[in-house]
Amino acid sequence: MKKLVFPEHFWWGAATSGPQSEGNFKKKHQNVMDYWYAKAPEDFYNQLGPDTASDFYHDFQEDIKLMKACGLNTVRTSIQWSRLIDNLEKNTVDTEAAAFYNAVIDAFIANEIQPFITLHHFDLPAELLHKYGGWESKYVVDLFAGFAEQCFELFGDRVKHWFTHNEPLVVVEGGYLEQFHYPKKVDGKAAVQVAYNLQLASSKAIAKYRQLKQDGQIGIILNLTPAYPASQDKEDLAASQKADLWYNRLFMDASSKGEFPPALVRLLEEEGVLWQTDENELALIGENTIDLLGVNFYHPNRVQRPRYSPNSLAVDFLPDKYWQRYDLPMARMNIDKGWEIYPQAVYDIAKDIQENYGNLPWYISENGMGVSREERYLNAEGIVEDDYRIQFIKEHLYWLHKGMSEGSNCLGYHLWTPIDCWSWSNAYRNRYGLIANDIHTQTKKLKKSAHWLRKTAESGQFEIESAIIKE
Ligand code: BG6
């Protein structure tokens, strides 16, 4: 056994988002996910939509008490733009929505949980997509900065940790390259502009925050992962370097160093798809970098040389022309979800931030294990015995701890998610929660992992079996 001890003020927490937990009660606008579900319910697992989600809108007082019972000292959720703002063009506040978010924030604080707030978690108001092309439009970028400013003014007296976007790369990939999120386009040039506009929106929101001179911190949540090459062959290494630029460095460099990676800019220029920009915007991005980084990590990325020559003829630009995904043979898997399990990546990320990004303060903002039909693991007392999740958390914390013991400036670990919640097209398929939710009755009950986490958070330490660590 090996004992791992974490710092006294470590953030033991969990993350969710407004659209995935609240339910659509009293919302005046649809977000893109609501719109997509209304249009094509068959795209969603068991055709279940976000209407009720985990009913946080009505249950938040009780839900937050349950989160407290899991030992959480910090929780991230998001404020829905499509709920808070009643006139999207005029940026006016819906008073009932503001009262709801005020009550939520107060309930967190009353339960000694610091609320962390995300401003955009895949939930652009649908109207802005229809009228202006969504994130392809710089007008929408400015509207977002206005919404962010409203949030800071309304809630910044109590919220001290803000995040502009959750996983902006997923918006780009899902919506503009791989069709797993609405608007389900395949358009490399649009994808590049959306990536840039999302960065600009983040930087503009940060600029608003700085102008208000509030006493908190602001950052971004990125899904970072090293792009491990399939082999040390020249072609696989080149593929991994290009994938790394796109998957990791694009938002990481722009958000933390204020500059897009020059090698990526050159490549996009050569391809004739570089984003439309100007000096003022680049200066604004340069000046408004983050205070704090959240890293979402679920599974590693592995890549190999591309299938075709990048010089093939009449091929539209898509970033993955420079690599292809690679499945490690005999990989250790979460078979149910189809994702590789590779906790060592957390250490690699910790070292990368330490060595290449000035040891920026950061935390794991999402990590977790999605499993379907968890009723399979109910014990006689009706508790989900999710030992696999406890092991998953322990192994990731082991590698995080190792990075921290070598000096990486990591402040916390948040699990996805406190209460089983709705998720985009996967709806309720994958359960990630510390707290099980029967979605038919909205009955919520702590899983075994929640009890483990409470003990760990209270003592700030746990023991891990040496046998499960293979360095
Ligand atoms: C994360 C997202 O990437 O993955 C969450 O930030 C999402 O919003 C989570 O719910 C899990 O997704 P899924 O589709 O596996 O349930």
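1. A cavity here is a set of points, on a 1 Å grid over the protein atoms alone, where a 1.4 Å probe fits but cannot get out, and its lining residues have an atom within 4 Å of a point. Grid points are joined across faces, edges and corners, and a volume is the space filled by probe spheres set on the points.

2. The model is predicted, so local features need pLDDT of at least 70 and side-chain atom pairs count only at pLDDT 80 or more, whereas totals for chains, interfaces and linings use all residues. Residues are numbered from 1 along each chain as its sequence is written, and side-chain values use heavy atoms, with hydrogens and water left out.

3. A search of the whole structure gives six cavities of 30 Å³ or more, and the largest cavity has a volume of about 120 Å³. Its lining has 14 residues, of which V32, W135, V171, Y182 and P183 lie nearest the centre. Helices α2 (32-39) and α8 (168-176) each supply at least two residues of this lining, helices being DSSP runs of H or I of at least four residues and strands runs of E of at least two, numbered from the N terminus. The largest share, three residues, comes from α8. By class the lining has 10 nonpolar, three polar and one charged residues, where Ala, Val, Leu, Ile, Met, Phe, Trp, Tyr, Cys and Pro count as nonpolar, Asp, Glu, Lys and Arg as charged, and the others, Gly among them, as polar.

4. The second largest cavity holds about 50 Å³ of space, and its lining includes K242, W246, L264, F317 and W323. The elements giving two or more residues to this lining are α10 (234-256) and α11 (262-270), and α11 provides the largest share, three residues. The lining of the second largest cavity has eight nonpolar, no polar and one charged residues.

5. D94 sits in the loop between β5 (92-93) and α5 (95-110), and at 6% relative accessibility D94 counts as buried, a term that means under 20% relative accessible area with a 1.4 Å probe and protein chains only. A polar atom of the D94 side chain lies 2.9 Å from the backbone nitrogen of A97. Leaving aside residues up to four places away in sequence, D94 touches K28, R83, L84 and D86, contact meaning heavy atoms within 4.5 Å.

6. Of the 19 residues of α14, 14 are buried, so this helix is largely enclosed by the rest of the structure. Just after α14, G407 takes a positive phi of about 105 degrees.

How values were computed
On a 1 Å grid over the protein atoms alone, a cavity is a set of points where a 1.4 Å probe fits but cannot get out, and a pocket is an open set with protein on both sides within 12 Å along at least five of seven lines; lining residues have an atom within 4 Å of a point. Buried means under 20% relative accessible area, exposed over 50%, partly exposed in between (1.4 Å probe, protein chains only). A polar contact is a pair of N or O atoms within 3.5 Å; within protein, one must be able to donate a hydrogen and the other to accept it, and residues adjacent in sequence count only if both atoms are side-chain atoms.
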